[in-house]
Amino acid sequence: MINTTKERQKLPNFFVVGAAKSGTTSLYEYMKMHPQIYMAPIKETHHFSTDIDNSKFRPNYARSLNKDLSKFLETDMQEGIFHAFVKERDQYDKLFKNVKDEKAIGEITNSYLYSQEAARNIFTRFPDAKVIMMLRNPIDRAFSHYLMDLRIGYETNDFMTALKKDMARDPKGWGISNLYVEIGMYAEQVKRFIEIFPERQRRIYLFDDFKKDAGAVVKDMFTFLGVDPNVDIDYSQKFNPSFIPKNKLIGKLNTQKKIKDWLKGVLPKSVKSKFKKTFYTDKDLPKITPAERKFLADIFRNDVMKLGKLLNRDLSKWVDV
C-alpha cells in the first residue's frame with residue numbers, strides 16, 4: 001500500500017532570543033558544530049518580530065536586511081546568510097527543509113528580546129519551544145555595539161557623542177536608530193518571556209559566565225536542549241570579535257554601502273580575509289572612559305536592580321562605578 005500521507009516538516013523547537021552583542025554569534029557557531037543540532041542557515045531571521053517595520057529601516061541597514069531570498073531558498077543553503085528580514089511564513093519554513101534527524105532545531109535572532117511581540121508570536125506557533133537568553137552588562141553591551149557600528153560605518157563619532165545623539169534621535173526603532181540604551185533595558189524584555197514561557201522551557205545565562213567559561217555554559221545549554229553535552233568543540237574559537245578601520249579613509253569607505261556590497265560579491269573569501277587583516281585592527285581599540293561608564297550606570301541602575309530581582313541574582317556589580 002502506498003503511503004500518501006505527507007511527512008510533516010520538522011520546524012524549530014528552540015530559540016535563542018538575544019541580547020544583541022552578548023556572544024550570540026559565537027553561540028550560533030558552536031551550535032552549528034553539534035551533530036544533533038540544526039541551525040537555520042540565516043543566523044538572524046527577525047521573523048517573529050512583527051512590530052518591527054522593515055520598510056522604515058535606514059538605507060544602509062535596509063540594504064543589508066531587506067533581501068530577495070527566493071534564489072537562496074532554492075539552493076542547498078550551505079553558504080549561509082548572517083541576517084535577513086524573513087517576513088513570509090513559507091519562506092521561514094523553507095529555512096528548515098534540510099532538517100534530517102537532528103534532535104534540536106533552532107535559530108538565533110537578537111531582535112526577539114527587544115521586540116514587544118516576538119515572545120507571544122513564538123509561543124503562539126510553537127508553544128512547546130525552548131527559549132534561551134544571554135544577557136550582558138548593558139554598559140559593556142552598549143560600548144561593544146558602538147565598536148561594531150564604527151567597524152561597519154554606521155558611526156564615526158566618539159562614544160559619548162554617538163550615545164547622546166542616538167538617545168535624542170526621533171523617531172527611534174530597530175533598524176532606524178542604534179538603540180545603544182534601549183536594547184540594554186532588559187527587565188521588561190525578559191519579563192515578557194517569563195510571563196509567557198513556563199520555567200521548564202527557558203534558560204537565562206549571563207555573558208559574564210560565558211566569557212569566563214564558554215564550554216561550561218554551552219554544555220549546560222546542550223543538556224537543556226536534550227543533546228549530548230560532551231561533543232568535541234573548541235570553545236577557544238572567537239567569532240565576530242571587535243575591530244575597527246585602521247584609518248579614516250577605510251572608515252569613509254565603510255559608509256559607502258554600495259561599494260562594500262560590490263566588494264563582498266566579487267572578492268573570494270581568502271581575499272576578504274586578507275583585506276580585513278590589512279585594513280582593520282583589533283589593536284588599540286577605543287576604551288570606554290570612567291565618565292562614560294558612570295553616565296550609563298546612572299541610566300541603567302534602576303533597570304538592572306529590577307532585572308536582578310526578576311532573576312533572583314545580584315547584578316549590582318554591573319552598575320557599581
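Two strands pair if DSSP finds at least two bridges between them, and strands (E, at least two residues) and helices (H or I, at least four) are themselves DSSP runs, numbered from the N terminus. With that in hand, let us walk through this predicted model, in which local features need pLDDT of at least 70 and side-chain atom pairs count only at pLDDT 80 or more, while totals for chains, interfaces and linings use all residues. Residues are numbered from 1 along each chain as its sequence is written, and side-chain values use heavy atoms, with hydrogens and water left out.

Five strands make up an open sheet with parallel pairing, in the order β2-β5-β1-β6-β7. The edges belong to β2 (37-39) and β7 (202-206); each has a single partner strand, so one side of each is left without a neighbour in the sheet. On average, neighbouring strands here are turned by 20 degrees against each other, direction ignored. Strands of a sheet pair through backbone hydrogen bonds, either parallel or antiparallel. Look now at β6 (residues 130-135), which runs parallel to β7 and is joined to it by five bridges.

A19 sits in the loop between β1 (14-16) and α1, and the peptide bond joining G18 and A19 is cis, with omega about 10 degrees. Helix α1 (residues 24-32) is mostly covered, as seven of its nine residues are buried, where buried means under 20% relative accessible area, exposed over 50%, and partly exposed in between (1.4 Å probe, protein chains only). The buried residues of α1 are T24, T25, S26, L27, Y28, Y30 and M31.

H46 deserves a stop of its own. You will find H46 in the loop between β3 (42-44) and α2 (59-65). Its relative accessibility is 1%, so H46 counts as buried. Contact means heavy atoms within 4.5 Å, and, not counting residues up to four places away in sequence, H46 touches Y61, L65, H83, A84, F85, T109, S111, Y112 and W174. L65 is 19 residues from H46 along the chain, and their C-alpha atoms are separated by 9.6 Å. The backbone of H46 is worth a glance too: phi is near 60 degrees, a positive value in a residue other than glycine.

Most residues other than glycine have a negative phi, and most peptide bonds are trans. The loop between α8 (159-168) and α9 (186-196) holds P171, and a cis peptide bond with omega about 5 degrees joins D170 to P171. L179 lies in the loop between α8 and α9 as well. L179 has a positive phi of about 60 degrees, although it is not a glycine, and is buried at a relative accessible area of 1%.

Now to the charges. A salt bridge is a side-chain nitrogen of Lys or Arg within 4 Å of a carboxyl oxygen of Asp or Glu, and the structure holds ten of them. One of these joins the side chains of R293 and D140, at 2.8 Å from N to O. This pair links distant parts of the chain, with R293 in helix α15 and D140 in helix α7 (residues 138-152), 153 residues apart. R293 is partly exposed at 24%, and D140 is partly exposed at 27%.

Within α15 (residues 290-311), the side chains of D298 and K294 meet in another salt bridge of 3.0 Å, N to O. D298 and K294 are four residues apart in that helix, about one turn. K294, D298 and R301 are linked in a network of salt bridges. E292, also in α15, is buried without a salt bridge, and the nearest side chain of opposite charge, R293, is 8.3 Å away; here Lys and Arg count as positive and Asp and Glu as negative, with His and the chain ends not counted.

Finally, consider how α7 and α15 pack. Their angle is about 130 degrees and their axes are 9 Å apart, where axes are lines fitted to C-alpha atoms, for helices over the stretch in contact, and angles run from 0 to 180 degrees between N-to-C directions. That makes α7 oblique to α15, since angles under 35 degrees count as roughly parallel, over 145 as roughly antiparallel, 65 to 115 as roughly perpendicular and the rest as oblique. The contact is made by P138, I139, D140 and A142 of α7 and R293, L296, A297, F300 and V304 of α15.
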